[in-house]
Amino acid sequence: MIHVENLTKYYAHLCAVDQINFDIQKGEILGLLGPNGAGKTTTLRMLTGYLQPSSGSINIKGLSIDKHVLKIKKLLGYLPESAPLYHDMLVFDYLKYVAAIREIDSDQKLPRIRQLADLCGINEVMSKPIGELSKGYKQRVGLAHAMMSDPEVLVLDEPTSGLDPNQIVEIRKIIKEIGKEKTIIISTHILSEAEATCDRIVIINQGKIVADGSTETLKQFASGKNIMHLCLQNADFKTVETNLSKLDGVESVTRITETDSELDVRLTCQSAGDLRPDVYRIIKDTDWILLDFHQETQTLENIFRKLTKES
Amino acid sequence: MRQVAHIFRKEFSAYFISPIAYIVISIFLLVTGWFFFATFFLFNQANLRTFYTLLPVVFAFVIPAITMRLISEELNIGSDEILLTMPVTYGDVILGKFLASVALIMAMLIPTLAYPLTVSFMGQLDWGPVVGGYVGAVFLGAAFSAVGLFASALTRNQIIAFIIGLAICFTLTLIDKMLFFLPQSLLGVFSYLGADVHFQNIAKGIIDSRDILYFISVCFVGLFGAHIALNQKY
């Protein structure tokens with residue numbers, strides 16, 4: 001559906017996007033993650049034909065963006081970051097204007113606007129000037145704008161920023177719903193959002209792609225070790241260390257804190273196999289009192305931090 | 001072409017949604033009305049000569065004020081990102097906005113038809129130059145709009161856009177009155193560049209293809225400049 005090859009963008013001498021390659025299949029929901037200034041928005045702006053790439057190529061549905069910008073723009077719906085809309089226009093007038101530019105038949109315009117207003121929950125602000133709307137409502141009007149022509153590809157730049165938690169859940173539901181048949185690209189820096197809505201995640205850092213895959217593959221990719229935490233009473237570090245080190249697969253036992261009553265220990269193990277039953281058996285055989293025992297899970301946050309902080 | 005019409009309709013109504021159109025039209029009528037009738041009875045002639053003499057200077061002030069927001073405002077609030085990712089070309093955007101500005105100038109000129117009507121009650125008015133003057137005014141307004149649109153495409157700051165537009169329009173208006181500064185060899189070129197001469201020719205009732213061609217060229221250069229300025233931005 002979308003094929004991006006060696007895409008590069010320079011702002012003066014600053015390289016914002018550096019030779020990135022990726023493909024997006026039809027019906028995929030792709031999450032574009034990255035710290036601030038990583039090049040997410042620039043990438044999306046080039047995909048939508050707003051910025052011209054310094055080099056590289058973009059193909060959408062077999063159409064090259066150099067030659068068929070207008071055709072590509074017809075396939076796309078785009079919600080820019082922070083939804084910059086005309087302040088003076090009324091929401092209804094604005095959507096009518098968008099419908100006209102999107103070449104929607106005149107007898108279809110009103111039903112389409114009404115349908116989008118229901119979907120995005122903007123019925124009660126239709127007759128207000130856009131400038132008077134709260135950020136959340138503006139964002140929803142922007143979403144309605146992006147979906148006006150029922151585009152095959154929907155590009156959303158931080159679609160849930162400025163929304164309250166209820167609205168975020170709603171918008172995610174809408175995105176999931178549309179994503180069943182459409183291709184969606186979302187940029188975000190809310191990781192749980194990417195995890196909840198996206199089929200695939202691409203992490204960008206300093207203009208380069210540092211990871212690409214489903215959340216599961218990313219997690220496997222980033223975790224090399226299993227880490228367990230133990231909190232014990234009535235135990236001293238020496239004996240704990242000698243007892244636990246005997247286990248196959250335990251690489252190291254480190255002390256986090258030790259007070260008179262409590263001992264916190266971190267166990268680093270090889271990732272193959274689950275050691276938790278063995279660890280528990282050892283504890284059972286002693287007179288230690290187990291207060292806490294958990295395995296550290298590799299969250300998307302950890303992966304993200306690891307990948308974007310290294311360079 | 002249909003996109004041009006949609007953008008035109010949106011921009012034209014935007015003038016009347018915000019107070020811009022009403023303020024600009026009021027000031028224009030106030031200034032031209034005052035200067036025209038202040039001297040009208042002194043000259044005791046039934047023509048619109050003073051009105052037309054004044055018009056290029058007033059236009060040089062008023063038109064950049066009309067056009068300054070057209071592109072600058074989009075750049076400033078970032079709505080260009082929304083506009084240009086819809087299926088429109090730079091050309092559609094520029095042409096639509098240009099036509100909206102020309103239409104507003106026409107709307108601004110309509111109330112001034114009261115002047116020739118008033119004059120025709122008081123004496124024998126020759127309608128030829130009056131009609132010529134209005135045709136010329138539309139051409140002049142279009143040329144200045146194109147210049148103002150170019151200025152607006154240069155910057156995201158509306159005030160800077162206004163000042164640049166004003167400077168260029170003012171120069172075009174006055175350049176043929178500054179000719180004594182220039183060497184003899186350049187006189188011909190520079191007197192041709194003056195907008196005032198061409199406008200006054202038409203306002204005399206002489207419709208000469210050279211004058212029409214001049215205004216069309218200014219429009220073209222201005223709009224093309226705006227196109228280049230936009231192209232450079234992305």
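## A salt-bridge tour of a two-chain model

The side chains of Arg255(A) and Glu258(A) pair up in a salt bridge, with N and O 2.8 Å apart. Keep in mind that this is a predicted model. Over all chains, the structure holds 17 salt bridges.

- Another salt bridge joins the side chains of Asp278(A) and Arg281(A), at 3.1 Å from N to O.
- Where do Asp278(A) and Arg281(A) sit? Both are in helix α10 of chain A, which covers residues 276-285. They are 3 residues apart, and that is about one turn of the helix.
- Asp278(A) has a relative accessibility of 27%, so it counts as partly exposed. Arg281(A) is also partly exposed, with a relative accessible area of 47%.

**Salt bridges in chain B**

- Over in chain B, Arg69(B) and Glu11(B) meet through their side chains in a salt bridge of 3.3 Å, N to O.
- Arg69(B) is buried, because its relative accessible area of 8% falls under the 20% cut-off. Glu11(B) is buried as well, at 1%.
- This pair belongs to a network of salt bridges that links Lys10(B), Glu11(B), Arg69(B), Glu73(B), Glu74(B) and Lys97(B).

**The two domains of chain A**

- Chain A splits into domain 1 (2-213) and domain 2 (224-309), and the C-alpha centres of these two domains of chain A lie 44 Å apart.
- How many residues are in contact here? On the domain 1 side of chain A there are 11, and they touch 5 residues of domain 2 of chain A.
- Together, domain 1 and domain 2 of chain A bury about 740 Å² between them, with 81% of it on carbon and sulfur atoms.
- Across this interface between domain 1 and domain 2 of chain A, the rule finds 0 salt bridges.
- Which elements build the domain 1 side of chain A? α7 (191-197), β9 (200-205) and β10 (208-213) of chain A each supply at least two residues to the side that touches domain 2 of chain A. β9(A) gives the most, with 4 residues.
- Sorted by class, that side of domain 1 of chain A has 8 nonpolar, 2 polar and 1 charged residues.

**Where chain A meets chain B**

- Here 25 residues of chain A are in contact with 24 residues of chain B.
- The two chains, A and B, bury about 2500 Å² between them, and carbon and sulfur atoms give 64% of that.
- Which three residues stand out on chain A? Tyr50(A), Tyr86(A) and Ile101(A) supply 28% of the area that chain A buries against chain B, more than any other three residues.
- The rule finds 1 salt bridge across the interface of chain A and chain B. Glu81(B) and Arg45(A) form a salt bridge, their closest N and O atoms being 2.8 Å apart.
- Between chain A and chain B, 8 residue pairs are in polar contact (both at pLDDT 80 or more).
- On the side of chain A that touches chain B, the elements giving two or more residues are α2 (69-75) and α3 (91-101) of chain A. α3(A) gives the most, with 5 residues.
- By class, this side of chain A has 14 nonpolar, 4 polar and 7 charged residues.

**A look around Thr8(A)**

- Thr8(A) sits in strand β1 (residues 2-11) of chain A and is buried, with a relative accessible area of 4%.
- A polar atom of the Thr8(A) side chain lies 3.2 Å from the backbone nitrogen of Gln19(A).
- Setting aside neighbours within four places in sequence, Thr8(A) is in contact with several residues, including Cys15(A), Val17(A), Met46(A) and Pro53(A).

Technical notes
Residues are numbered from 1 along each chain as its sequence is written. Chains are lettered from A and ligands numbered from 1 in the order in which they are written. This is a predicted model: local features need pLDDT of at least 70, side-chain atom pairs count only at pLDDT 80 or more; totals for chains, interfaces and linings use all residues. Side-chain values use heavy atoms; hydrogens and water are left out. A salt bridge is a side-chain nitrogen of Lys or Arg within 4 Å of a carboxyl oxygen of Asp or Glu. Buried means under 20% relative accessible area, exposed over 50%, partly exposed in between (1.4 Å probe, protein chains only). Domain bounds come from an automatic or database domain assignment. Contact means heavy atoms within 4.5 Å. Buried area is the accessible area (1.4 Å probe) that two parts lose on being put together, summed over both. Ala, Val, Leu, Ile, Met, Phe, Trp, Tyr, Cys and Pro count as nonpolar, Asp, Glu, Lys and Arg as charged, and the others, Gly among them, as polar. A polar contact is a pair of N or O atoms within 3.5 Å; within protein, one must be able to donate a hydrogen and the other to accept it, and residues adjacent in sequence count only if both atoms are side-chain atoms.
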